[in-house]
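Subject: Structure for you to look at

Hello,

Here is the structure I said I would pass on.

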Amino acid sequence: MNRIVLASRLLFRDGRAGELTLLLVALVIAVTGTTAITLFADRLHRTMTAQAADFLAADLVISSSQKIPRAWLEKAGQLHLKSAESTEFSSVLIENDELLLAGVKAVSANYPLRGFLKITGTAFKAAQTVHAGPAGGEVWVDQRILSMLRLKIGDTLTVGEKALIISHILTYEPDKKGNLYSLSPRVMMSASDLAATRVIQPGSHVHYFFQFSGSADAIGAFNHWLKPRLEPGQRLLDIHEDRPELGTALTRAERYLGLSSVVVILIAGVAIATATRRYSERHFNATAVLRCLGCTRRDILWLYISQFLLLGMLGSISGCLFGWFIQEALFHLLQNLLPGQLAKPGLLAVFFGFVAGLAIFFAFALPPLLRLQRVSPLRVLRRDLEPLPTGAWLVYGLAVGLIGLFIWRYTDNLTQTLSILGGGAIALCILSLLVRGLLLLAEKSVPRLNITWRFGVQGLTRNTGASVNQIVAFSVTLVAMTLSFTVRNDLLDNWRQQLPEDTPNYFLLNIFPDQQASLQQALLNHKIKGSRFYPVVRGRLVTINDTPVQRIVSKDSQGERATHRDLSLTWSASLPEDNRISAGQWWRAAQTGQVSIEQQLADNLNVGLGDKLAFTVGSEQFDATVTSIRSLRWDTLKPNFYMIFSPGTLDHFANTFITSFYLPEAQKYLLNDWVKSYRGITVLEVDALLKQFKSILAQLTEAIDYLLYFALLAGFTVLFAAVRASLDQRLHEGALMRTLGAGRTFLRQTQFIEFALTGFCAGLLAVVLSESIIFALYRQVLELTYSPNPILWLVLPIGSAALVGLSGYWGVKEVANRAPLAVLREAE
Amino acid sequence: MIPTQHDKNQNSIITTENLGKTVKTAEGPLSILSDINLQIKAGESIAIIGESGSGKSTLLGLLAGLDLPTTGSVVIDGKELTAMDEDGRAAVRNELIGFVFQAFQLLPGLTALENVMLPLELGGIKQAGKLAADLLDRVGLGHRLTHTPRQLSGGEQQRVALARAFVTRPAILFADEPTGNLDSKTGQHIIDLLFELNLENSTTLILVTHDPHLAQRCRCTLNIAAGRLA
């Protein structure tokens, strides 16, 4: 008990004397950063997932070709999940002597569980948002149904044997599936009318979607329970797979948020290590006295560890509180961008922040603290007796181990984590060697320099070990800051490029060949920028090198989904824009029977160059040889194809055309004209989806910016901590120099030179390291294209020299101002 | 050898008038020194003695321009230190004053030679290396020029400090307990060396000490008690 009292008393005294201020600030920043980011990322993730769930109209969806077992629904009930059901099938509608194949969707009363529907009374006019499907006896239809079947609102539409009243035009449904090319115009009706239509008979081609919503835990449990029970033809829909354009953005954002957390932890950790080193050095004398008075090494260790535990808890609790307020403030700032329904902050994230805070604190503070137990009692007689430094393996091992755990947590990939850590360790070794080389060069130049420069340079070269540590610490901090900044910029540029202002917001499908030229001209006349018109033939891949594909594909894979349904096949003489050849060659001459396959599908089906693929179109079968493999981006909202054939291969099949374009609000009236003039074409509006997607990106951008500011704040703390860490020695030397006649200007100049050189070296090495890491990161984690950044090579060393130089100048300004009598006082 | 800067014909090299120092404490102002009036002639050797806390080191600091008094003035070689700014006082210290401290106060990152060169370089004097090496040789450390303070014994460190103090041939040498950290034999050796160098350079010596034997070697003794000349 006495020891705890002694530890508390010493801690209190140190705190009052200002000895702990810097350490506490570094700790609070680390914990605030971790907690704020964990809370923010967790909450944003849950909010965004909930918003993304709007695109599925639920949190979890089972897609199935038959009804699911009753036990599944009972299990969902036990878990207090809400459920809804939609049944989709094709049906031929006949009205006013016109025939039309429509996609009918019968929805239960709870549909949609997430998101909303949009309906209107007049075509292409402002729509109202509703949260339930049509009532019994009513039907909502696409505008195209009205124009094709010459109907109007209030008329009757017969589906199967049931006559229903058309009450609204349906303009948006959240979970419209991505298979754009086979879309038939939508008819939405109530599930209560389904039996009366008598459309669904045994053997009918019907697709069921069972939707569920509820707490994240319950959904997780249900998901876990369901997975092993799924049969062929049943699968769980996933936002990442079923909305690739959104999935990619979310995945990248999640990784970026994780990366930012690691960056803040790393930077704040360096600040903690630096501040603890100073704390430790300032306690050498007191420790020597305690050892003289009979304290064992174990007593000393216990004394300081218990103080640090108290300090760690104090800092962690304050950090958690600050973190909480900061994430609240962030959400407040972002309130206009975020959906109204925010997820609640997770208490688990706060607990994680607290525990992570203590772990970070000890991982970085322990090595310098352990030095205290090695203080010799002889130091009371010989003040120059310094304890041995802690072994490098412990210093770096603890820090790297902890950072590794965090990286593992965010990447969820051990190989990736180990390669990042291995790369980091190699980089650190190379960095240290480079710093030593630079310092050696500087030392050689010393005799040729004037006294001011000489003292500035000697400040660095006198104690090479300490200088290497300091420059490496600054380099790591700068690398972390640069990474945050560069990745953020490239990520945002990438998103902007992906969705520029004129991103297509409409698709036109099912355009017949005789309509194509005239429609293309109409688009040109109205100066509407669109993609090419691609011919489309619906066909199915049946064999690969004469082996049926069903034997090749694995269950629930992209390959299975691509081969279980008709694909849109096209032909083209030239490679579509945004496509890149990754293997083989694009055809030069018009030779039929060649096919270019999309990279991911090729990988999934294990298809390579020269393989023979067989397709069926209707009842006819034909072969094609793979001559190239293409990579492309599915998230551009432009027509994309798994299979592109050489011109002439598909000539004898009937085809339609597809295009996409951007139509400004003011020109939307044109759609009405076209639907009337070009009968049979399908207009697919992706405006709402696009707006929602852009809003998510805007939120992410803002969030990422705030996280970057936090990383910068942590970086400046490191700088300040490092400058202050050497303050005691500088004060003593400064006072002595002034006693011997050095002017204040001289002292300031030498200090500025020393810090600016430190900054310059750190900046130079940071740029080399950052560029290497960015290269690896883009290739392996973020899947972005790397290009060198020449501005970085200029800005980082110079900026760092100025920044570190000025911080040093400001941080140790009291060295030039303190009365030199202090030296005499110390000697007394 | 460089010539000494001060005018040997001038009688008083240090003059103080009503010198006093008061500091603020939680219990109110505390007077450390008051009414110190001194006239020290060039070439004199003076020992300042007194009990711990009597104000000896404070007086030394004020005389050397290392701190500013609350009242009164200090004039060194005709220059009023108390009217100068810090950089002005630093220039005077570099030109006229040498120091020897109890704890040696060598810069740990510099070698013995570099430590001795330091005041010469700060004064912009060329051939600093040669002058410093000569003087280190004079104090018996010609073979340890490249050693850092950590590699030297206490006695050797104090000899380096003596060389540093005399290398600019200062008009005044302030020594604060120069043997306080040394054993008696080494201390005696250092004191002998100090007085030899003092004699060779005709330096005014102002020495703070507890040691009555050491004080007796000075021509004159000032006894301080409770902040006043006794």
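Contact here means heavy atoms within 4.5 Å. By that rule, 28 residues of chain A are in contact with 30 residues of chain B.

Before the rest, some conventions. This is a predicted model, in which local features need pLDDT of at least 70 and side-chain atom pairs count only at pLDDT 80 or more, while totals for chains, interfaces and linings use all residues. Residues are numbered from 1 along each chain as its sequence is written, chains are lettered from A and ligands numbered from 1 in the order in which they are written, and side-chain values use heavy atoms, with hydrogens and water left out.

The interface

The size of an interface is often given as the accessible area lost when the parts come together. Between chain A and chain B the buried area (accessible area, 1.4 Å probe, lost by two parts on being put together, summed over both) is about 2,700 Å². Carbon and sulfur atoms give 60% of that area.

Two salt bridges (a side-chain nitrogen of Lys or Arg within 4 Å of a carboxyl oxygen of Asp or Glu) are counted between the chains. One of them joins the side chains of A:Arg454 and B:Glu121, at 2.7 Å from N to O.

Which elements of chain A give two or more residues to the side that touches chain B? They are helices H14 (451–461), H22 (727–739), H23 (744–782) and H26 (821–827); helices are DSSP runs of H or I, at least four residues, and strands are runs of E, at least two, numbered from the N terminus. H22(A) gives the largest share, six residues.

Inside chain A

A:Ser475 is part of helix H15 (residues 464–498). Is this residue buried or exposed? A:Ser475 counts as buried because its relative accessibility is 0%; buried means under 20% relative accessible area, exposed over 50%, and partly exposed in between (1.4 Å probe, protein chains only). Leaving out residues up to four places away in sequence, A:Ser475 touches A:Leu431, A:Ala762, A:Leu765 and A:Ala766. A polar atom of the A:Ser475 side chain lies 3.1 Å from the backbone oxygen of A:Ala762.

A:Ala427, in helix H13 (residues 414–445), is also buried, at 12%.

Strands in chain B

Strands S3 (residues 45–50) and S9 (residues 220–225) of chain B pair in the parallel sense over five bridges; pairing requires at least two bridges found by DSSP. B:Ile48 stands opposite B:Leu222 of S9(B).

Regards

Notes: Polar contact = N/O pair within 3.5 Å; in protein donor to acceptor, adjacent residues only side chain to side chain.
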